[in-house]
Amino acid sequence: MTATHTSAGAERAAARTSGRRPASAPQRPNWLGGLVGWLWLAVVIIPIYWIVITSLKTQTNYYLTNPLLPPIDPTLDNYRLVLQLDFPLYFLNSLLVAVGTVIPSVLFAFMAAYAIVRSGGAGRFLRAVNGLFLMGLAIPLQATVIPIYLMIIKLHLYDSLLGLILPSVAFAIPLSVLVLANFIRDVPKELFESMRLDGATEWMTLWRLAFPLTRPAVVTVSIYNALTVWNGFLLPLILTQSPDKRTLPLALAAFQGGPYGVNVPAVLASVVLTILPMLVLYTVGRRQLLSGLTAGFGK
Amino acid sequence: MSATTAGRTPSAVAPEARGGGVLPWLALPALLAFVAFAVLPLIGVLLLSFTSWDTLGQIKLTGLESWRSVLTDPGLPHALWVTFLITALSWAFQTPASILIGVFLAGRQRYRELLAVLYFIPLLLSSAAIAITYKALLDPNFGLGAGLHIDLLTQDWLGEPGLALGVVVFVVSWQFIPFHSLLYQGGVRQVPRSLYEAAELDGAGRVRMFFSITLPQLKYTIITSSTLMIVGSLTFFDLIFVLTEGGPGDATRALALDMYKRGFQANLMGAACVIGVILVLVGLALALLLRRLGGRDPNASQLEGA
């Protein structure tokens, strides 16, 4: 994640120093890398292409036509069917859980990352907190789902969206703190110093200096957390039971296992519908990421 | 003590001397959330492994009974073996492929940016969606192989134990090679250009440059990527659950799935927690081992070069 930030900077620096020589690194073509690169691209794209074209076929055509050829008479019936089958509700559930997780986790993580960076390793408490989060990265948190199940039952949050949000926030924190701290560390010390001389409190410095300057990182971390929660399966599986509390991945699995499961085009239409929001988020986020970077350099 | 050691850089410490009262408070919300729903459950999984609980009745303290039953169950070595196979095979397949693709993508041609965008798509899909797609694609009667009349592709992919394990490894790679390629792309772009220029003057070829410069310079990226792959593969659950449900038989019943099945299907929560503790210990041991291999400061960024 830091990659986009630093490598873009390095790229610029390289372009500047190499002068008029075009910045194409080693000059001979990399045949093996190219071969594997293009081959794997095909491996990645073919199933995706297949999902999209199949979702536009009728069930009869699915059995009869060449699986890799697009339908002659594309139909949206599969999408219509899926939308009639409560998918809008599952969509809303996923959206609520994602928003409810991303906002607190990114805000909390940002505040913690700011404190950890600003203390510069001086405070014993913050050093311990940082160590705890780093340890959290190494531990497979999914291994703790049974105690979480018990806690959520005891809190009377079983089968509720809030019950999904609470552990998701906790799981998102370690990586978010790590990435955000790396970016806050890149903010020039002089800026903090001048804020201090202007009499700004840490709280003001956090929101008026660090937060706007690290916006690309905040966007990246938010997208990453949103993706993780949107695609999460284990927590919804064990912490909910009513069909009306299902999030999308769970609904997908139930849909394939249920009476409509034989209708492969409809199942694939539901897959497409679950990816669309993430595709939009990624497209929007990518652009915002770039504009955040150029704004930083353009001054 | 810490004050004197930090005293080396007085300018950096000065602001904290005043702000020190505020900063710890800022970390509090994140700390509380993490302690409540990650640290406490972590302690909980250890405590619950000494109990018996069937999800409905009372939790009874039964000492080492759950441990004894799990450790003597031949299902445990099997689950460990399946987990090891999936981890090792997917690592051995993904790492060379990701490095090659990462090096390729690090080239500055415009179309490679587009490739990187396309590569990202599997990362947007949930494991459940991927599993559902492959289940349909690999169907021996109506899948891709049958539709195209290619006999080689028309196998009972998920019905044969060996094939099913291979499919899991392949689908895992399909899902994660793009991510690791992007890590390596970032890593390669951070290799100082001067190293290549010097090697070029010495007349080194591309292969030589790859092995003498690129690969050693990627050391930390390799460790980061491997850590993510290995610790991540301990907890593959969604994909296997939807794709094979551990089957055929228990051919793909890896640890995380074993934990779920013992806990939520056989209602043996104590035994499931024993598996949970084993998962935590194995994950921690592997992460520490890989960090030792990297020989780097634990405070340094894990994703550096990412």
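Guide: Let's start with A:Glu193, which counts as partly exposed, since its relative accessibility is 30%. Keep in mind that we're looking at a predicted model.

Visitor: What makes 30% "partly exposed"?

Guide: Buried means under 20% and exposed means over 50%, with partly exposed in between. A:Glu193 has 30%, so it gets the in-between label.

Visitor: Which residue forms a salt bridge with A:Glu193?

Guide: That's A:Arg196, and the closest N and O atoms are 2.6 Å apart. The cut-off is 4 Å, so this pair qualifies. A:Arg196 is partly exposed too, because its relative accessible area is 30%.

Visitor: Where do A:Arg196 and A:Glu193 lie?

Guide: Both are in helix α9 (residues 189-197) of chain A, three residues apart, and that is about one turn of the helix.

Visitor: How do you know that A:Arg80 and A:Asp77 are separated by about one helical turn?

Guide: Because they are three residues apart in helix α4 (residues 77-84) of chain A. A:Arg80 has a relative accessible area of 49%, so it is partly exposed; the exposed label needs over 50%. A:Asp77, with 43%, is also partly exposed.

Visitor: What makes the meeting of A:Asp244 and A:Lys245 a salt bridge?

Guide: Their N to O distance is 3.8 Å, and the limit is 4 Å, so the pair passes. A:Asp244 is partly exposed because its relative accessibility is 40%. For A:Lys245 the value is 23%, and buried would need under 20%, so A:Lys245 is partly exposed.

Visitor: Which residues are joined into one network by salt bridges that share partners?

Guide: Those are B:Asp73, B:Arg253, B:Asp258 and B:Arg262. Over all chains the count comes to seven salt bridges.

Visitor: How many residues does the largest nonpolar core have?

Guide: It has 164, and A:Phe133, A:Ile146 and B:Phe237 are the ones with the most contacts inside it. Helix α5 (residues 87-119) of chain A gives the most to this core, with 15 residues. Apart from it lies another core, of seven residues, among them B:Val103 and B:Tyr184.

Visitor: What does A:Phe133 contact, leaving aside its neighbours within four places in sequence?

Guide: Its contacts include A:Ala112, A:Ile116 and A:Pro174, along with B:Ala30, B:Leu31 and B:Phe34.

Visitor: How many residues are in contact where chain B and chain A meet?

Guide: 99 residues of chain B are in contact with 104 residues of chain A. The two chains bury about 9,000 Å² between them, 77% of it on carbon and sulfur atoms. Helix α3 (residues 23-48) of chain B gives the most to the side of chain B that touches chain A, with 20 residues. Across this interface the rule finds zero salt bridges, but four residue pairs in polar contact.

Visitor: Where in chain A does pLDDT stay under 50?

Guide: Over residues 1-26 and again over residues 289-299. Where pLDDT is low, the predicted coordinates should not be read in detail. For chain A, the mean pLDDT is 82, and 86% of its residues reach 70 or more.

How values were computed:
Residues are numbered from 1 along each chain as its sequence is written. Chains are lettered from A and ligands numbered from 1 in the order in which they are written. This is a predicted model: local features need pLDDT of at least 70, side-chain atom pairs count only at pLDDT 80 or more; totals for chains, interfaces and linings use all residues. Side-chain values use heavy atoms; hydrogens and water are left out. pLDDT is the predictor's confidence in each residue, from 0 to 100. Contact means heavy atoms within 4.5 Å. A nonpolar core is a set of buried Ala, Val, Leu, Ile, Met, Phe, Trp, Tyr and Cys residues joined through side-chain atoms within 4.5 Å. Buried means under 20% relative accessible area, exposed over 50%, partly exposed in between (1.4 Å probe, protein chains only). Helices (H or I, at least four residues) and strands (E, at least two) are DSSP runs, numbered from the N terminus. Buried area is the accessible area (1.4 Å probe) that two parts lose on being put together, summed over both. A salt bridge is a side-chain nitrogen of Lys or Arg within 4 Å of a carboxyl oxygen of Asp or Glu. A polar contact is a pair of N or O atoms within 3.5 Å; within protein, one must be able to donate a hydrogen and the other to accept it, and residues adjacent in sequence count only if both atoms are side-chain atoms.
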